[in-house]
2 protein chains.
Amino acid sequence: MFKKNFKQARTRAVFLTTCLAASVVNAATDTTYPDAAASNPATMGWMVGSPPPPDRIIRFADGSYFKFPAMRWSVSNFRQLMPTTNVSRGLNAPVPLAQALRTDIDKLTFTPLGSKQPMTWEQSLAANYTDGIVVLHRGKIVYERYFGVLNPQGQHAAMSMTKSVVGTMGAMLVADGTLDANKHIADYVPELAKSAFGNATLRQVLDMTTGLDYSEDYADPDAEVWKHSMAGNPLPKPKGYTGPQTYMEYLQTVQPLGEHGKAFAYKTVNTDVLGWVIARVTGRNVAQLLSEKIWQRLGAEQSAYFTVDSIGTPFAGGGLNTGLRDMARFGEMIRNEGQYLGQQIVPKSVIDDIRAGGDKAAFAKAGYDLLKGGSYRDMWWVTHNPDGAFMARGVYGQRTYIDPKAEMVIVRYASNPVASNAANDPVTIPAFEAVAQLLMKHPD
Amino acid sequence: MFKKNFKQARTRAVFLTTCLAASVVNAATDTTYPDAAASNPATMGWMVGSPPPPDRIIRFADGSYFKFPAMRWSVSNFRQLMPTTNVSRGLNAPVPLAQALRTDIDKLTFTPLGSKQPMTWEQSLAANYTDGIVVLHRGKIVYERYFGVLNPQGQHAAMSMTKSVVGTMGAMLVADGTLDANKHIADYVPELAKSAFGNATLRQVLDMTTGLDYSEDYADPDAEVWKHSMAGNPLPKPKGYTGPQTYMEYLQTVQPLGEHGKAFAYKTVNTDVLGWVIARVTGRNVAQLLSEKIWQRLGAEQSAYFTVDSIGTPFAGGGLNTGLRDMARFGEMIRNEGQYLGQQIVPKSVIDDIRAGGDKAAFAKAGYDLLKGGSYRDMWWVTHNPDGAFMARGVYGQRTYIDPKAEMVIVRYASNPVASNAANDPVTIPAFEAVAQLLMKHPD
């Protein structure tokens, strides 16, 4: 049962944002990978030495950077591989997160979905190739660990968790009236009129119910996702490449397939369209707006950054990189109905809208067996479980999990060799729920 | 007289670190440029819009980024153009610089060298295409201005001021016995044994008295400086490029010319060699070491960053980018004999060594008419003027000027169309000296 679900979920894996064909082919086959210890990017010595040994050099140009296990180093070092733009934290003092560390989490046991073999929380960290994980309870750090080459001063790729951050900003602009969710994308960005997005509503883009002739099937080398990635920066352009040179150029080429508004279909390009709409109406790209509206108000420890394409457009669909604790600050602000450090950073109505969720029937059509009964709203995954948990998810195991009832936020940065979150959901979902139960039963 | 000196100095201009042939050709001819207001990168609207208008897009790949006036935007946005690595400020609260702002500096007058026409300080800022300037007196900000696209939250290319930062770290390692200035480069980096650097001493590299068949004459398209820049990242590689792919590969190709130790000859490659030596002996590249030994101890407001080549090697000769005030913190620490915030960050003996200066006779041979009687030590320019002023200098007008007698530090970030500092020295030198005089006469 576990195996069946796992395989189905894996086949349907559509969370992947940017990735090379090689790692996808791996994900689609039954390749086994070295475990977390054997693939530890610190002990493997990537990019250590002057110069590093030839077989420990990671380069952007040859695409090696996104192949496992080198990818385990890359996700903590995107800035060294491609151009980026800052999400300034501002110049004020960081506001430390309070700590109330617990020792009872590591030994917590749970049973992975589809398995009969219990596992401890501590074991789950290695099983999910965790690079860093922090658990907040009532805003205090109760658990925090770093592995591999990530540390508290480092930054890690949020991958598709970027979408939830950008979706939140989109919903904020809807809430303050700058954007009208019922308007069509072409109303905001006329350049997209002839593309599939032209007659989609902003709401359909925000909830990813657009009908697009765009495949994120990473096992298919002809899938459109490769063209999107090549147009921007995550993928190096092959010799003689003559395709679109920017994200914006690529988005104009996306053609319709099926009807908008009928089914949830997770496609990264929706977020890049949202990023374009945001830039057009605010005069600020998503990195600038994130700094101004949110990051500078979080008491963040570090500036974050976005990868950018050749004309400086931030990769709204997956380009954010942050410190682990700073993403926890963001999650805690969301959990706290948009309030943080005495400020209402995101309107409560936006959080209410996310938590209420999206169209469950549309979501069901996408067939996420491990997320049955869930929905997708404003680029957040909403479980509709008894705790009302909702989350941001990113390829290779990135997760921001907000459990309102348990007053808990978990942020995990990871470098799982299997792209799809569905691959780690059987371990992740019960593990996170077990911590929530623990915190509710024994809050102190 | 002014014209003659200016032309000579310009011809000999050897401060240029990274630059495209186009701007050099400009520098070598008598091209006149739009003034600071007409070339203001903010009002020109570079990279504003989604997408920006075609004639306001700045790209790395076509080299447009380093041509004036686009360069005025680029020097505040290197991170958007190429891969970089962080110089972490750490996670502690920044320590604000005290302020004691004065209103008597703007109207201060002085006479540019070789001119009879007095100029006000305020006029000098535009004359030098200033992007940001801060004056510290006894550690307090007495004057601070930003222009164009630089602001207190931004970061600007330090260009060759990077050399003085790296040179300081080199001198620190000599002071603590990690390095022996009398040893040969090949003793530390055997890969350089067959290059010109092999039999040069570390001291000769630190003071740039190596004899190298390496031209930094930017008017010559065959000059070696272009090859160095292409091997690393500042210059895009032309189609079909088959040369060295990294700074380290390039350095091994540099051939000797003349004797080491006889004459000062300003050549960027010396600093990259020093960076390699530092990396080899400490196991940390210059960005990592700068963070650990200095940046985290300055109470810096922002993390700084280095541009890196395709294997992550920081550009030691010119790749540092910092906030304006953070470079002022660095300068103030140097002025204060290495002490800052109650810590001895750089040994006093290192500062003493820099201030005592290098070989004046060797320096004289290089023919810097506007720096007569000066010397070069540990990659700092030492004036030996009555105040004992010394400085870091970077192409296009970057300057960190330390006047011990006046208890003054000036840091200027700029984007002067003419590469050589010699072009702005006739205005800069008397302007900075005038402020020093003012502060000594009227300290409060």
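**Stop one: chain A, coloured by confidence.** Keep in mind that this is a predicted model. Select chain A and colour it by pLDDT: the average is 92, and 93% of the residues score at least 70. Now pick out residues 1-30 of chain A, where the pLDDT is below 50. Beyond near neighbours in sequence, that stretch still has 85 contacts in the model, so take your time looking around it.

**Stop two: where the chains meet.** Show chain A and chain B together. How many residues of chain B are in contact with chain A? There are 39, and they touch 39 residues of chain A. Between them the two chains bury about 2,800 Å², with 53% of that on carbon and sulfur atoms. Next, select B:Ser50, B:Leu91 and B:Ile311: this trio supplies 24% of the area that chain B buries against chain A, more than any other three residues.

**Stop three: polar links across the interface.** Looking for salt bridges between chain B and chain A? The count is 0. Switch to polar contacts instead, and you have 18 residue pairs between the two chains, both partners at pLDDT 80 or more.

**Stop four: the largest pocket.** About 1,800 Å³ of space lies in here.

Notes. Residues are numbered from 1 along each chain as its sequence is written. Chains are lettered from A and ligands numbered from 1 in the order in which they are written. This is a predicted model: local features need pLDDT of at least 70, side-chain atom pairs count only at pLDDT 80 or more; totals for chains, interfaces and linings use all residues. Side-chain values use heavy atoms; hydrogens and water are left out. On a 1 Å grid over the protein atoms alone, a cavity is a set of points where a 1.4 Å probe fits but cannot get out, and a pocket is an open set with protein on both sides within 12 Å along at least five of seven lines; lining residues have an atom within 4 Å of a point. Grid points are joined across faces, edges and corners, and a volume is the space filled by probe spheres set on the points. pLDDT is the predictor's confidence in each residue, from 0 to 100. Contact means heavy atoms within 4.5 Å. Buried area is the accessible area (1.4 Å probe) that two parts lose on being put together, summed over both. A salt bridge is a side-chain nitrogen of Lys or Arg within 4 Å of a carboxyl oxygen of Asp or Glu. A polar contact is a pair of N or O atoms within 3.5 Å; within protein, one must be able to donate a hydrogen and the other to accept it, and residues adjacent in sequence count only if both atoms are side-chain atoms.
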